[in-house]
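Subject: Structure for you to look through

Hello,

Please find the structure below, with the sequence.

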Amino acid sequence: MTDLTKLGPMGLNALSASAVSRLLSEKKITSEALVTDCLARIAARDGDIHGWAWLDPDYALEQARALDAQPRRSALHGVPVGIKDILDTKDMPTGHGFPPYKDDRPDSDSACVASLREAGMVILGKTVTTQFACPFPVQTLNPHDPTRTPGVSSSGSAASVADFMVPLANGTQTGGSVIGPATSCGTYGYKASLDGLDRTGIRHCKPGIDTLGLFARSVEDLILLRAVQTSAETPAADNAASPRVGLVRTTGWDKTEPCMRSAVETAARILGEAGAVVTDLDLPALFDEIAPHSAVVNGWEGARALADEIRDHLDSFNAHNRERVDFVAGLTEADYEASKAAMVGARGRLSTIFADYDIFLTPGLPGEAPVGLTEVRTAVMNRLWTQMYAPAITLPLFEGPNHMPVGIQLVGPQGTDDRTLAIADWVDARLREALGEVPART
């Protein structure tokens with residue numbers, strides 16, 4: 001039971017989405033009160049964090065009041081959510097981090113936004129993204145240490161959730177732009193299987209690789225938001241399971257910091273003691289060899305998706321996106337088809353390997369978020385799982401020597417999103433118990 005007298009100075013915005021969902025359903029709070037506290041936090045902090053690309057406080061409160069007067073449509077009715085600014089919103093600009101689109105107002109929502117609106121959630125505003133979600137940082141800062149990167153393209157979403165400005169937000173991942181920012185900022189992050197969340201209506205979507213994801217402050221919240229997003233029943237966590245865990249250190253293990261190595265190996269030990277079957281797993285060389293194929297697919301499909309912008313606004317592209325245009329100029333359709341085929345083959349091989357495992361345990365990043373905003377290493381530990389269409393979740397349960405978040409990553413077989421989240425909930429509870437923390441279930 002949540003004691004509202006012990007919230008402290010931040011107010012309702014400090015609570016998890018699951019907690020405010022219960023309070024709203026019991027009519028102990030209103031959406032207007034919740035949104036008011038979120039807006040107060042944004043007013044106090046976003047001048048330092050720069051997580052929001054567009055926000056109209058009056059409109060957010062108007063939505064909240066209207067929802068308070070309506071019957072509940074879902075478990076998250078009245079709960080605010082931040083929307084990454086590459087996803088279309090019919091009532092707000094969608095800027096894509098691109099100057100020519102600064103005031104562009106689409107006629108309709110992307111499907112992932114429409115489902116949240118239909119569920120009665122408050123579309124609080126648009127969170128900062130990089131230009132067309134590329135790995136080229138912009139203005140958002142890490143809420144734990146503004147001298148360190150918050151991650152890249154979904155940085156506004158991750159930082160806003162981590163700093164208690166909003167309980168939930170969404171994002172997208174091509175390389176590591178959900179898991180990376182979540183790990184850097186210390187939030188829970190979930191990257192879906194390729195079509196684990198509806199990608200319909202996302203402009204400039206690269207169909208063979210771009211993936212949706214979610215940010216929250218607990219696995220319980222991720223499960224709830226996914227259920228609302230997909231209009232599904234919330235699956236119960238399988239707390240009686242003894243999951244088969246593959247400890248995958250990845251080929252970048254030699255580049256990981258001691259804090260990340262310790263986090264992954266400590267997690268493996270705790271899970272083994274809790275009843276999981278943990279086995280070291282070295283992936284075949286094939287999964288290193290396909291890395292260049294991802295660049296080909298990403299570049300080719302990106303050039304197609306941005307054909308109009310390349311034609312009309314190439315001078316507004318940042319250095320990374322111009323380099324990608326130049327790279328694609330040297331490719332042929334045959335190169336693209338060959339790379340797609342290589343990726344399909346690797347996915348088939350991974351499916352075979354996963355027959356012996358329920359999840360993989362692997363680093364979320366090489367270590368703590370590094371100093372500076374130009375660091376773009378977030379994809380090092382994540383790109384493979386995006387290429388393989390595997391659902392991935394990061395748990396921000398550890399801390400590095402500079403008191404920055406260190407997050408481990410759990411990866412499941414393609415298409416097992418609900419099962420992977422349920423196992424992640426089991427893992428999270430056991431790690432929190434062993435590390436001396438009580439799972440957030442208020």
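Helix α1, residues 17-25, is mostly covered in this predicted model. Seven of its nine residues are buried, namely Ala17, Ser18, Ala19, Val20, Ser21, Leu23 and Leu24. What lies over these buried residues includes α2 (31-49), β4 (168-173) and α7. Just after the helix, Lys27 has a positive phi of about 60°.

The axes of α1 and α7 come within 8 Å and cross at roughly 60°. The two helices are therefore oblique to each other. On the α1 side the contact is made by Ala17, Ser18, Ser21 and Arg22, and on the α7 side by Glu220, Asp221 and Leu224. By type, these residues divide into two nonpolar, two polar and three charged.

Ser218 sits between β6 (211-216) and α7 (219-229). Is Ser218 buried or exposed? Its relative accessible area is 3%, so Ser218 counts as buried, the cut-off being under 20%. A polar atom of the Ser218 side chain lies 3.4 Å from the backbone nitrogen of Glu220. Glu220 is also one of the α7 residues in the contact with α1.

From α8 the contact uses Ala267, Ile270 and Leu271, and from α15 it uses Trp426, Val427, Arg430, Leu431 and Ala434. Seven of the residues in this contact are nonpolar, none is polar and one is charged.

The largest nonpolar core has 108 residues, and Phe360 and Leu395 have the most contacts inside it. Helix α8 gives the largest share of this core, eight residues. A second, separate core has six residues, among them Val297, Trp300, Val328 and Leu331.

Which residues does Phe360 touch, apart from its neighbours within four places in sequence? They are Gly246, Val248, Leu281, Leu283, Leu350, Ile353, Phe354, Trp385, Gln409, Leu410 and Val411.

Val248, on that list, is in the loop between β7 (244-247) and α8. Its relative accessible area is 2%, so Val248 is buried. Leaving out residues up to four places away in sequence, Val248 touches Leu281, Leu283, Phe360, Leu361, Thr362, Pro363 and Trp385. Val248 and Asp221 are 27 residues apart along the chain, and their C-alpha atoms are separated by 26 Å.

Gly407 gives another pair to look at. This glycine is in strand β11. Gly407 and Met260 are 147 residues apart along the chain, with C-alpha atoms separated by 7.8 Å. Met260 is also among the residues that Gly407 touches, not counting those up to four places away in sequence.

Last, some backbone angles. Most residues other than glycine have a negative phi. Ser231 has a positive phi, near 55°, and is in the loop between α7 and β7. With 70% relative accessibility, Ser231 counts as exposed. Where is His403? His403 is in the loop between β10 (392-399) and β11 (405-411), and it has a positive phi of about 60° although it is not a glycine. At a relative accessible area of 58%, His403 is exposed too.

Regards

Terms used
Residues are numbered from 1 along each chain as its sequence is written. This is a predicted model: local features need pLDDT of at least 70, side-chain atom pairs count only at pLDDT 80 or more; totals for chains, interfaces and linings use all residues. Side-chain values use heavy atoms; hydrogens and water are left out. Contact means heavy atoms within 4.5 Å. Helices (H or I, at least four residues) and strands (E, at least two) are DSSP runs, numbered from the N terminus. Ala, Val, Leu, Ile, Met, Phe, Trp, Tyr, Cys and Pro count as nonpolar, Asp, Glu, Lys and Arg as charged, and the others, Gly among them, as polar. A nonpolar core is a set of buried Ala, Val, Leu, Ile, Met, Phe, Trp, Tyr and Cys residues joined through side-chain atoms within 4.5 Å. Buried means under 20% relative accessible area, exposed over 50%, partly exposed in between (1.4 Å probe, protein chains only). A polar contact is a pair of N or O atoms within 3.5 Å; within protein, one must be able to donate a hydrogen and the other to accept it, and residues adjacent in sequence count only if both atoms are side-chain atoms. Axes are lines fitted to C-alpha atoms, for helices over the stretch in contact, and angles run from 0 to 180 degrees between N-to-C directions. Angles under 35 degrees count as roughly parallel, over 145 as roughly antiparallel, 65 to 115 as roughly perpendicular and the rest as oblique.
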